[in-house]
Amino acid sequence: MPRFRSILETMAPYKPGKSVVSPDGRSYKLSSNESPHEPLPSVIEAIARAATEINRYPDPGAVRLTEALAERFDVPAEHIALGAGSVAVAQQVLEAVGEPGAEVVYAWRSFEAYPLLVDLSGATSVQVPLKDETHDLDAMAEAITPQTRLVFVCNPNNPTGTVNRTAELRRFLDRVPENVLVVLDEAYREYIRDEDVPDGLDFYRERGNVAVLRTFSKAYGLAGLRVGYLIGHEPVAEAVRKTLLPFAVNHIAQAAAIASLAAEDELYGRVETVVKERARVLEALAAQGWTVPSTEANFVWLRLGDRTMEFAERCAALGVAVRPFAGEGARISIGDTESNDTFLTAASAFLT
C-alpha cells in the first residue's frame, strides 16, 4: 500500500455549493455566490478569439493581464501575483509562508477553504471565534504569537457577509508585527456600499506586510474560468509568484479577464442590480421575522443552529440550493428576481 501524508486521514475535503431540483423540475442555485448574469457579449467575443489559439501554451507570466491590473489599480506590475482563482492564490501564499511550526490566524467561521489550505501547507490553524458574526480583531491580534506567519482577514466575511471598518482595521494592523503578513481577502469588494469599509489597497500602500486578495469569479462573472490575483509589495508578490503552478492561469481565462476589466462600467451596472436585490431580500426577511446580519456581499446569512439542515431540505423541496453549515447556519446567494422570490417563499414557510 502506498504511503500518504498523515494529514490526509483527518482533513475534511472542500465542499462546493450544490445544485438541487424540485419535484416539479425547478432549480435555483443560490449556494455558490455566483453572478446570476451571463458573460457580457464583449467578454464572450474575447473568449471566442482566444479559443482559436488554445493549441499554444498560455503566457506563463500573464503579462498582458498583469499590465491591465497594474494600470487599473495604479500599482507596479511587480506587485501583482496571479493564480487560478483567489482560492488558488491563497494556497500559493500559504505555500510561501507555511511549514511545520508556523501558525496562521483567521476568524471562524470564515471562508471554508482556509483550514484545508493551512493543513496542506503544514502550518497550524489558529481559529478565532466571530463576535456578533464579525471578525473579532482584538482577539485576533491577541492570538498572534512569535510563530505566526500569516493572518487572513476576510472582508466582507464569507459566509456571514459582515464587515470590519476602517478605524478598527487600522487599530488591528497597528498591533500586527511587521514580520507577519496580513492578507485582506476581498473577494466580494465590488458589492460593498458602506463607505466606512476601507479599500484594502489603501492599507497595502501604507504597509509592507499587507496584501490584498481579489477574484474575477464573483462580480466579474468568470467563476468557471478561475482567475484571481494578489496585490502586495514586491517581496510578497515575488514569493507568491514562485509558488504558482506553471501555466495555471489558462489562455482563455487571461483573455476574458482583460476584456472584463475593459467592460467594468457595464459590469458594475450588473453588480448594482444584485445590490438592489440584496436590499430587497434583506427587507423581506426582516418583515418575515428573521434576524439577519447586515451584509455587504452578494449573499445573506441565517443563523439556524440545529435546524440548519432541515432548512436546507425545505429550500431544496422548492428547487432552491443554499449553502448549509451543519449546526451553524446557511448562506444564501443573491440571484435573479425569480430565484430570490422562491427562496423568500421557502424562508417564510419555514417560520410558519
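Helices here are DSSP runs of H or I, at least four residues long, numbered from the N terminus. The model is predicted.

**Exercise 1.** Describe the largest nonpolar core and the contacts of Phe172.

*Solution.* 
- Step 1. Count the members. The largest nonpolar core has 50 residues.
- Step 2. Pick out those touching the most other members. Among them are Leu65, Leu69, Met140 and Phe172.
- Step 3. Ask which element gives the largest share. Helix α9 (residues 251-262) does, with six residues.
- Step 4. Look around Phe172. Leaving out residues up to four places away in sequence, Phe172 touches Leu137, Met140, Ala141, Val151, Val153 and Val182.
- Step 5. Check for another core. A second, separate one has 30 residues, including Val271, Val275, Leu285 and Phe350.

**Exercise 2.** Find the buried residues of α11 and say what covers them.

*Solution.* 
- Step 1. Take α11, residues 308-317. Thr308, Phe311, Ala312 and Cys315 are buried there.
- Step 2. Check their directions. These residues span an arc of only 100 degrees around the axis, so they sit on the same side of α11.
- Step 3. Name the cover. It includes β9 (299-303), β10 (320-321), β11 (323-325), β12 (329-333) and α12 (337-351).
- Step 4. Gly319 follows α11 and has a positive phi, near 85 degrees.

Conventions. Residues are numbered from 1 along each chain as its sequence is written. This is a predicted model: local features need pLDDT of at least 70, side-chain atom pairs count only at pLDDT 80 or more; totals for chains, interfaces and linings use all residues. Side-chain values use heavy atoms; hydrogens and water are left out. A nonpolar core is a set of buried Ala, Val, Leu, Ile, Met, Phe, Trp, Tyr and Cys residues joined through side-chain atoms within 4.5 Å. Buried means under 20% relative accessible area, exposed over 50%, partly exposed in between (1.4 Å probe, protein chains only). Helices (H or I, at least four residues) and strands (E, at least two) are DSSP runs, numbered from the N terminus. Contact means heavy atoms within 4.5 Å. The arc is that of the directions from the helix axis to the C-beta atoms.
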